[in-house]
Amino acid sequence: MARHGWNANVRWWRLVALLGVGLVLLALVLTLVDTGPGDGGKNGIGGTSPDGDKVHGNPVVPPGAPAPRVGWGFTHTQYSADDGEDAAVERVRAELAGQGRPVPQIQHLMGWGAGNPEPVKGRYAFAAMDDRIDFIRASKGTPVVTLCCAPDWMKGGRPGADHTDWSQASLEKAPERAHYADFARLAATVAKRYPDVRHFLVWNEFKGFWNDAEARWDYEGYTELYNLVYKELKKVDADIQVGGPYLPMSSLDPRRTDGASKELTGPWGSLDQRVLDAFAYWNRHKAGADFVVVDGASYTEDDAMLPDEFRATDKFTAVGRWLRERTGDLPLWWAEYYVEPGDSEDDRDGWTEPHRVAVHAAGLMAMAEGGATSGFYWNPQKKDGDACAGCLWTSTRRPDGGAALPMLRLVERFGKEFGPGTRYATVPVDAGARDDVRVLADDEAILVVNTRDRHVDAKVDGRRVGLPGYGVQWLER
């Protein structure tokens, strides 16, 4: 957008030069009149519009009140299927649209593929987000918006379309308290622009909400922001579904006692007590919530998978049950979940794809067993290239790209078989294989995962099943 604004100004000045010096002076006078204090001037509002709440496109708003449970899907990140070669983009779109059910898809408000939505107060720039919402609509998905992050001017930065600081430190900074209400109004603007978005997550992982002085989460500040956003969204439409607090459910090594929870612990580790304190405050002081949303990894803060990568996923079950005990009937969402530690660059290339799919399947099963109704896979899609560990599809920047990869197949099938309202069933597994396989079932399907890197034979629900190392198999009942 900055380049477009610059080119437009160059052409304008060339025209002025042709018209003569007199018109140049007139133009300067008009510019001074038009530029108010702090608005960033012409460059500051280039590419923006004052009508951000104007409905974009032709949304189809489902009739009736939306359900607070949307099922299992994924999150769009910096690079996704809305951009690339036409044939490849269409391949992904058709794959998702052909599932026979809406695949839930999260898009963030700012960052992770979206631009600065409000570079100057009251001036909006939604082009990139429009593209993502258009793709979700075209793929017949359920659009979900994570209301993070905040424009620079809300957090002490410079206003203007050309001045956005995209560094991680800036992006993950929370709005200043004086701008909480501005952020809430921006959330309402988004809800009006995309009336088919019926589910909103407020912020992401408490980013920027840390109390340095007391070495704990600033749960008072987050809850104040959350409540303002909740009320503004409900003013737009009382049926809009709002969830929080999107806390990272971090866990510590089980041998550690400093700062470790005594009530939420297991072989996988212990929850950080500061996280539980933050959740308790939000839960007591929230203005309301239609669902509860958290995220987290099965491994500890030291990247330890205990007792191993499969049994570490039991953390999701334990955390889910703890949350459900404290929130009653509110549906539980996992906005992100991780089962494989990343390297120094946060890349996860250490496992084979069968190994990765098997552990992720175990993670999804553990979340479901803990009472979760919705969960989202964080798609690590790269800009281009052949190698992309854990990606959902091959790069859409290649004409032959957009082909579904094993992780997408898992997410799609899990969502199809174990969607909202699923009643899970217990099925018998022969004693000799209980330590080797994990099983999740309802009345129609059974998911069986081999947790070993070797072939395993198991008798499940009365039938013999042979699984290769890290094999994942679906059975019909």
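Which residues is methionine 249 in contact with, leaving aside its neighbours within four places in sequence? Here are a few friendly notes on this predicted model, starting there.

1. Once neighbours within four places in sequence are set aside, methionine 249 is in contact with Leu271, Val275, Leu276, Val294, Asp295, Gly296, Lys315, Val319, Leu323 and Trp334.

2. Met249 also stands out in the largest nonpolar core, which has 113 residues: together with Trp203 and Phe414, Met249 touches the most other members. Helix α11 gives the most to this core, with 10 residues. There is a second, separate core of 13 residues, with Val427, Ala441, Val460 and Leu475 among them.

3. Now for α11 itself. This helix (residues 353-369) packs with α12 (residues 406-417) at an angle of about 25°, and their axes are 10 Å apart. Angles under 35 degrees count as roughly parallel, so α11 and α12 are roughly parallel to each other. The crossing of α11 past α12 is right-handed. On the α11 side, the contact is made by Glu353, Arg356, Val357, His360, Ala361, Leu364, Met365 and Ala368, while α12 brings Pro406, Met407, Leu410 and Phe414. By class, these residues divide into nine nonpolar, one polar and two charged.

4. A further helix pair to look at is α8 (residues 219-236) with α9 (residues 273-285), packed at an angle of about 35° with axes 9 Å apart. Their crossing is right-handed. From α8, Tyr219, Glu220, Tyr222, Thr223, Tyr226 and Asn227 meet Asp277, Ala278, Tyr281, Trp282 and His285 of α9. This contact has six nonpolar, three polar and two charged residues.

Note on methods: Residues are numbered from 1 along each chain as its sequence is written. This is a predicted model: local features need pLDDT of at least 70, side-chain atom pairs count only at pLDDT 80 or more; totals for chains, interfaces and linings use all residues. Side-chain values use heavy atoms; hydrogens and water are left out. Axes are lines fitted to C-alpha atoms, for helices over the stretch in contact, and angles run from 0 to 180 degrees between N-to-C directions. Helices (H or I, at least four residues) and strands (E, at least two) are DSSP runs, numbered from the N terminus. Angles under 35 degrees count as roughly parallel, over 145 as roughly antiparallel, 65 to 115 as roughly perpendicular and the rest as oblique. A crossing is left-handed if the near helix is turned anticlockwise from the far one by less than a right angle, and right-handed if clockwise. Contact means heavy atoms within 4.5 Å. Ala, Val, Leu, Ile, Met, Phe, Trp, Tyr, Cys and Pro count as nonpolar, Asp, Glu, Lys and Arg as charged, and the others, Gly among them, as polar. A nonpolar core is a set of buried Ala, Val, Leu, Ile, Met, Phe, Trp, Tyr and Cys residues joined through side-chain atoms within 4.5 Å. Buried means under 20% relative accessible area, exposed over 50%, partly exposed in between (1.4 Å probe, protein chains only).
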